[in-house]
Amino acid sequence: NDENLIIGQLQASFIRFHNRVVEHVSANEPQLAADSDNLFKRAQQLVLGREQRHDVLGEVVQTRRKPG
């Protein structure tokens, strides 16, 4: 059904984004490139930090909206 397709696509997007962040960290923080556990943790930190900022931004935008 359409719901499963959308969820699958969303999950694939998150995975691709995380993989890009891993590549970025590996290229820009070479001290982490050799240690896969710390590389993963750093990428996870950055990905989750990005998500949390978007959650806060969404809350701010919603609280500033005036009822229609």
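Predicted model: local features only at pLDDT ≥ 70, side-chain atom pairs only at ≥ 80, totals over all residues.
Helix 1 covers residues 2-28 and helix 3 covers residues 36-64, while helix 2 takes up residues 30-33. Helix 1 is made of 27 residues, and the distance from its first C-alpha to its last is 39 Å, close to the 39 Å expected at 1.5 Å a residue. Of the 68 residues in the chain, 13% count as buried, and the chain exposes about 5,900 Å², of which carbon and sulfur atoms supply 53%.

With that layout in mind, one can turn to the interior. In soluble globular proteins, nonpolar side chains tend to be buried together. In this model the largest nonpolar core has 6 residues, namely Val 21, Val 25, Leu 32, Leu 39, Ala 43 and Val 47. Helix 1 and helix 3 each supply at least two residues of this core, and the largest share, 3 residues, comes from helix 3.

When neighbours within four places in sequence are left aside, Ala 43 is in contact with His 18, Val 21, Val 22 and Val 25. The buried residues of helix 1 are His 18, Val 21 and Val 25. His 18, which lies in helix 1, has a relative accessible area of 16% and therefore counts as buried, since that value falls under the 20% cut-off. Not counting residues up to four places away in sequence, His 18 touches Phe 40, Ala 43, Gln 44 and Val 47, and of these partners Ala 43 and Val 47 are also listed in the nonpolar core.

The remaining feature concerns charged side chains. Side chains of opposite charge can pair when their charged atoms come close. The count for this model comes to 1 salt bridge, which Arg 42 forms with Glu 29, their closest N and O atoms being 3.2 Å apart. This pair links distant parts of the chain, for Arg 42 is in helix 3 whereas Glu 29 is in the loop between helix 1 and helix 2, 13 residues apart.

Definitions and conventions. Residues numbered from 1 in each chain as written. Heavy atoms only, no water. Core = buried A, V, L, I, M, F, W, Y, C linked by side-chain atoms within 4.5 Å. Buried < 20%, exposed > 50% of the residue type's maximum accessible area, 1.4 Å probe, protein only. Helix = DSSP H or I, 4+ residues; strand = E, 2+ residues; numbered from the N terminus. Contact = heavy atoms within 4.5 Å. Areas by Shrake-Rupley, 256 points an atom, 1.4 Å probe, with all protein chains shown as cover. Expected span 1.5 Å × (residues − 1). Salt bridge = Lys/Arg side-chain N within 4 Å of Asp/Glu carboxyl O.
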